[in-house]
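Subject: Structure handover

Hello,

Here is the structure for you to look over. My notes follow below it.

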Amino acid sequence: MSAKEQSLTQCQSLLVFLSDYIDGTLSDELCQEINSHAAECEHCRIVVDTLRKTISLYHECADEQGEIPGEVRSKLFKSLNLQDYLEQ
Amino acid sequence: MSESKSDISIEALRLGDRGEFARLVDAYSGPLYRLALKLLGNAPDAEDALQNTFIKAFQHLDTFEGRSSLSTWLYRIASNEALMLLRKRRPEINIADTTAEEEDERNNDPVQFIDWCCLPEEEYLSAEGRKALEGAVENLPETLRIVFVLRDIEDLSIQETSQVLGLSETAVKTRLLRARLRLREELSSYYGDRLNKRSKE
């Protein structure tokens, strides 16, 4: 197996651990392995960094969108016969 | 408007306390509406799913055994309602069927290697950036989208997501990774493009 093929196999085998790695639920040993590999492999470093950024952007958006729009709430309360509690 | 989720009394709900039901609706309608909107892609359908969710929750309160949390139980009802509406549009959708997913397996290996993490902060959540983020989620197949929305937008754990969808934790993890990798690819196209434009300016 050439060095390039070997590296490709290693990149692919690390891929399955990426979610756990980013969520902080991966074992220390495997984290270390990913850290060492990413320090050597520019493509994997970029994938890890941009995947982490992708997830954090969605978290950020979610934090801003928790409330139901006022008119949707009103309609919902009326449809559930809860209009007496609308002002609370 | 927002109510605390932790002090909703199941006992009062079971006794038919309307005020408590209103508190339940206020505590959960925000996240359940967001879930329905992300899954269905339009407000009228999301409103229908939300309304049906609370009607069913109220009707079936006696079947809530407390083995999962109230929140997980409501997410399960809301997911089923949204999926039912989706199936009206596309009857072939089956969240539990992993065969179709495996047959439809796309290569999930990353192909975009642009480091767009160094963009100025205001670029990420600009109006256009938000559109790209939303569009990328809409482009996910339903089987991946529902897992991503529950886990990464609604912040449910892997275990809770598996309880909501009736899937194994392994299946949830596999779908979550696929969803995240696909989103990364799409966002790499958009933010990579932004990076190129900035470097030329």
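First, a definition: on a 1 Å grid over the protein atoms alone, a cavity is a set of points where a 1.4 Å probe fits but cannot get out. Grid points are joined across faces, edges and corners, and a volume is the space filled by probe spheres set on the points. Lining residues have an atom within 4 Å of a point.

This is a predicted model: local features need pLDDT of at least 70, side-chain atom pairs count only at pLDDT 80 or more, and totals for chains, interfaces and linings use all residues. Residues are numbered from 1 along each chain as its sequence is written, chains are lettered from A and ligands numbered from 1 in the order in which they are written, and side-chain values use heavy atoms, with hydrogens and water left out.

**The cavity**

The structure has one cavity of 30 Å³ or more. The largest cavity holds about 80 Å³ of space. Its lining includes Tyr58(A), Gln65(A), Arg130(B) and Glu134(B). H4 of chain A and helix H7 (127-138) of chain B each supply at least two lining residues. Helices here are DSSP runs (H or I, at least four residues), numbered from the N terminus.

**The rings**

Seven aromatic pairs turn up over all chains. Rings of Phe, Tyr and Trp (its six-membered ring) pair if their centres lie within 6.5 Å; planes under 30 degrees apart are stacked, over 60 edge-to-face, the rest tilted. One of the pairs is Tyr58(A) with Phe148(B), edge-to-face, at 5.1 Å centre to centre and 80° between the planes. This pair crosses between chains, from helix H4 (residues 42-64) of chain A to helix H8 (residues 142-153) of chain B. Tyr58(A) and Phe148(B) are both buried, meaning under 20% relative accessible area (1.4 Å probe, protein chains only; exposed is over 50%, partly exposed in between).

Lys53(A) sits over the face of Tyr124(B), 4.1 Å from the ring centre. The test: NZ of Lys or CZ of Arg within 6 Å of the ring centre and within 35 degrees of the ring normal. Tyr124(B) also belongs to a cluster linked by ring pairs, with Trp116(B), Tyr190(B) and Tyr191(B).

**A buried arginine**

Arg184(B) lies in helix H10 (residues 169-200) of chain B. Arg184(B) counts as buried because its relative accessibility is 0%. Leaving aside neighbours within four places in sequence, its contacts (heavy atoms within 4.5 Å) include Ile46(A), Thr50(A), Pro110(B) and Gln112(B).

Best wishes

Terms used
On a 1 Å grid over the protein atoms alone, a cavity is a set of points where a 1.4 Å probe fits but cannot get out, and a pocket is an open set with protein on both sides within 12 Å along at least five of seven lines; lining residues have an atom within 4 Å of a point.
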